[in-house]
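User: Hey, I'm new to this one and could use a quick tour. Can you walk me through it?

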Amino acid sequence: MKKLFYSVCFCWLSFLGMSQQTRVYFLESKMDGSVDFATASGPIRDLPFWGYGEPSLEGTTEISLPGPHIEANEGDSVHVYMFNPSEEGHTIHFHGLDVDQANDGVPSTSRFVLNREAAWYKFKATHAGNYIYHCHVTTTMHLILGMYGMVTIHPSNAAQSAYTDYGAYTKDYSYLAVELDSRWNEDYINIGSFLDYEPDIFSINGKSYTDIYSDSSMVIQAQQNDTVLLRLRNIGYGPQDYHFPADLNAEIIGSDGRKIIPAIRKDTLRLYPGERYSVLFHFENMDSSAVTVDFLSSNGLELIGREYIPINSFEFIAPKSTISIDENADQSFKVYPNPSAGQINLKLPKEPIDSQVQIFDMKNQLQASYPLLKELDLRGLPAGLYFIKIPGLGSQKLLMTR
Amino acid sequence: MKMSKVFSLSVFFTLIFFQNAIALETHLYLNNFQDTINQELVSRPIFNRTQVPEEETVHFHIEAGEKLILNIVNKLNKTVSLVIDGKVIGVLSSGNTNSFKLTIPEGIHYYGLGNELSALSAGAMIVVGSKRQKSFYLKFSECDPSYNEAIHNESALPKYRPEKFMVNDRDFNVNNHHTHTGIEAKVGDSVQIFLYNSSDFMHHAPHFHGFHVLIVKSDANKIYEGLWKDSFGMEPKSLYELLLVPDKEGVYPIHNHNLITTTSESNYPGGMMTHMRINP
């Protein structure tokens with residue numbers, strides 16, 4: 001019966017697809033995924049996850065992390081049919097697409113899609129840009145267990161630009177970054193308090209660490225004079241800092257499905273939970289490097305994880321970290337003001353001991369070393385992002401401005 | 001004396017009179033509100049309009065040039081300092097009425113307590129400037145019972161780990177989820193929304209369902225000003241002015257997209273969440 005239903009639907013989809021006016025997607029929400037993650041301390045195998053998948057004509061559905069990428073052109077009507085064969089209720093919330101209440105996917109204001117129920121979600125793609133979809137049932141848990149995916153709305157003329165007549169590119173890459181607490185995935189019944197969330201895996205497009213470096217859909221590959229569009233999305237629960245190689249002259253051209261005119265030139269961009277940005281890279285030279293993605297805590301911006309998106313290299317080797325990430329949070333120190341024009345104060349958990357403060361740049365090269373004092377004058381260093389490391393007390397980021 | 005000169009002088013003195021007369025005078029009580037967090041009583045200092053401690057504090061919106069006269073009765077058992085935008089304005093001596101006549105520049109400001117009590121989010125916003133058709137004020141705050149207790153007992157401060165997350169000092173929970181409405185407007189209204197992250201430590205990330213909002217002002221993140229956004233970040237002690245022009249009716253959530261904060265005593269939905277109710 002299910003096979004017959006999808007066969008009829010696929011025929012209908014083919015018919016509608018011809019019109020270029022209505023895009024139809026079929027999704028199933030399921031709780032039976034399994035995924036491997038590479039991490040610096042070894043692989044994590046067969047981690048359970050929940051998610052969305054596209055049903056096949058054979059009547060089977062495998063879910064993916066993230067879920068199927070939904071794409072349409074500005075002005076299209078988008079119809080998404082969701083069937084829920086799983087035990088728990090699920091929905092789809094189209095984050096940032098400004099849909100009406102009935103299609104908002106929030107159980108208390110819209111509707112639940114209970115076990116073996118189905119629902120149509122319908123909306124008009126009014127603005128080109130980068131969006132997200134996710135389940136909005138017990139969202140704190142369902143989302144982070146894997147129930148999310150990307151939505152990209154292209155300009156109405158299907159041109160190779162981020163927006164109509166703005167943001168032309170030669171190649172584009174979509175990224176969705178999220179951290180997760182593997183204990184939740186392993187045993188969602190016994191999560192306990194949501195407040196005990198302690199992420200230990202940091203993923204981009206469902207991959208982490210070396211699995212990113214060998215994925216041709218994720219490694220940025222460009223030639224001289226290429227303009228590459230990065231579609232960035234944060235669906236995690238903490239801010240994420242993207243550090244772009246300075247020689248790529250990164251331009252921020254849009255956010256949350258709206259243009260930014262004029263573009264903003266920045267080599268560091270913070271994405272808060274739920275935010276999306278469009279960034280252009282201009283390749284004038286061909287050095288291999290990487291985009292660094294720092295995962296931060298919402299409480300105090302502690303660095304909790306880091307991933308790299310390599311550029312023009314499948315042989316990428318993650319820099320040997322001189323940064324101890326939250327080795328012992330209770331022993332950590334604070335740097336203020338931050339950003340700073342040069343003179344900084346260190347708030348230490350105890351009186352200064354006979355130790356050193358080391359200043360590393362983004363390439364992990366030691367730039368300066370000082371005796372450990374509560375006040376430091378770093379005005380001799382150029383503007384940029386640095387890591388302040390105190391042996392035994394971990395490290396903190398410092399943004400130097402001028 | 002020519003009539004025109006008499007007229008000019010009278011306008012001058014009238015303006016002087018009104019300039020002195022335009023002031024909002026109000027009484028506030030710095031109370032100790034007994035909150036319940038995870039079945040335990042927690043003391044939260046809070047500015048109320050009444051002597052009886054209430055859960056929700058007071059936002060002010062005055063016209064540019066208008067003075068704000070605050071007569072504050074400190075009902076805490078210790079003397080504390082009053083701050084505006086982090087700067088100490090004066091002392092609130094325990095058990096006394098403390099008066100302040102304030103001339104505050106146009107813009108969005110916050111008031112609260114100084115030093116380590118700043119983290120307890122006792123105050124709210126003072127907006128100086130014109131009101132639009134509809135104006136709403138949303139304060140994002142959280143509470144760590146252990147931190148409150150340490151301040152109360154003047155003992156060593158623990159690592160901050162909040163357990164309760166609130167919009168306008170109330171968490172969204174099973175008892176109030178039908179009535180926790182931060183914004184109510186009609187389709188086509190021009191709605192002014194002021195946001196304040198009162199935390200000393202936490203970055204919050206409000207997300208609007210159903211609509212993009214124009215970020216008119218942001219004191220912390222200038223990159224946002226002039227952008228239409230549905231999600232954005234609020235740094236600790238930061239203030240925002242937004243414009244919302246709803247184009248459809250319905251009920252839509254506003255919540256922090258750090259979804260750990262959208263729980264209340266480990267129940268979802270809860271915490272840092274409220275609703276927009278848009279009428280036809």
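This is a predicted model: local features need pLDDT of at least 70, side-chain atom pairs count only at pLDDT 80 or more; totals for chains, interfaces and linings use all residues.

User: What's the mean pLDDT of chain B?

Analyst: Chain B has a mean pLDDT of 92, with 92% of its residues at 70 or more. For chain A the average is 88, and 89% of the residues score at least 70.

User: Where in chain A does pLDDT stay under 50?

Analyst: One such stretch is residues 14–19 of chain A, with 3 contacts beyond four places in sequence. Residues 322–330 of chain A are also below 50, and that stretch has 20 contacts in the model beyond near neighbours in sequence.

User: And which residues of chain B stay under 50?

Analyst: Residues 6–19 of chain B do, and the model gives them 2 contacts beyond four places in sequence.

User: OK, overall build. How many helices and strands does chain B have?

Analyst: Chain B has 2 helices and 19 strands. Its radius of gyration is 20 Å, close to the 19 Å that the globule rule gives for 280 residues, so chain B is as compact as a globular protein of that length.

User: What does its C-alpha trace span?

Analyst: About 75 × 50 × 35 Å along the principal axes of chain B.

User: How much of chain B is buried?

Analyst: Of its 280 residues, 58% count as buried. Chain B exposes about 11700 Å², and carbon and sulfur atoms supply 53% of that. As for contacts in chain B with a separation of 6 or more, 64% are between residues 24 or more positions apart.

User: Let's do sheets. What's the strand order in the 5-stranded open sheet of chain B?

Analyst: The order is β3-β9-β8-β5-β6 in chain B, and the pairing is mixed. At the edges stand β3 (60–62) and β6 (87–92) of chain B; each has a single partner strand, so one side of each is left without a neighbour in the sheet. From one strand to the next, the twist averages 20°.

User: How do β5 and β6 of chain B pair, then?

Analyst: Strand β5 (residues 80–84) of chain B pairs with β6(B) in the antiparallel sense, over 5 bridges. For example, B:Ile84 has B:Lys87 in β6(B) as its bridge partner.

User: What about the open sheet of 4 strands in chain A?

Analyst: That one runs β3-β8-β7-β5 in chain A, again with mixed pairing. Its edge strands are β3 and β5 (93–95) of chain A, each pairing on one side only. Neighbouring strands of this sheet are turned by 25° against each other on average, direction ignored.

User: Which way do β7 and β8 of chain A run?

Analyst: Strand β7 (residues 129–134) and strand β8 (residues 148–154) of chain A run antiparallel, joined by 6 bridges. Within that pair, A:Ile132 stands opposite A:Met150 in β8(A).

User: Switching topic: where are the cis peptide bonds you'd point out?

Analyst: One joins A:Leu65 and A:Pro66, with omega about -5°. A:Pro66 is in the loop between β2 (44–53) and β3 (67–73) of chain A. Another runs from A:Ile261 to A:Pro262, with omega near -5°, and A:Pro262 lies in strand β16 (residues 258–265) of chain A.

User: Why point those out?

Analyst: Because most peptide bonds are trans.

User: And which residues other than glycine have a positive phi?

Analyst: Among them is A:Asn312, with phi near 55°. A:Asn312 sits in the loop between β20 (303–311) and β21 (334–336) of chain A. B:Lys237 also has a positive phi, near 55°, and is found in the loop between β16 (228–229) and β17 of chain B.

User: Is B:Lys237 buried or exposed?

Analyst: B:Lys237 counts as buried, because its relative accessibility is 16% and the cut-off for buried is under 20%. A:Asn312 is partly exposed at 23% relative accessible area.

User: Last one: where is B:Glu241?

Analyst: In strand β17 (residues 238–244) of chain B. B:Glu241 is buried, with a relative accessible area of 9%. Beyond its neighbours within four places in sequence, its contacts include B:Ile108, B:Phe194 and B:Val216. B:Glu241 and B:Leu195 are 46 residues apart in sequence but 6.4 Å apart in space, C-alpha to C-alpha.

How values were computed:
Residues are numbered from 1 along each chain as its sequence is written. Chains are lettered from A and ligands numbered from 1 in the order in which they are written. Side-chain values use heavy atoms; hydrogens and water are left out. pLDDT is the predictor's confidence in each residue, from 0 to 100. Contact means heavy atoms within 4.5 Å. Two strands pair if DSSP finds at least two bridges between them. Axes are lines fitted to C-alpha atoms, for helices over the stretch in contact, and angles run from 0 to 180 degrees between N-to-C directions. The radius of gyration is taken over C-alpha atoms; the globule rule is 2.2 Å times the number of residues to the power 0.38. Buried means under 20% relative accessible area, exposed over 50%, partly exposed in between (1.4 Å probe, protein chains only). Accessible areas come from the Shrake-Rupley method with a 1.4 Å probe; for residues, only the protein chains shown count as cover.
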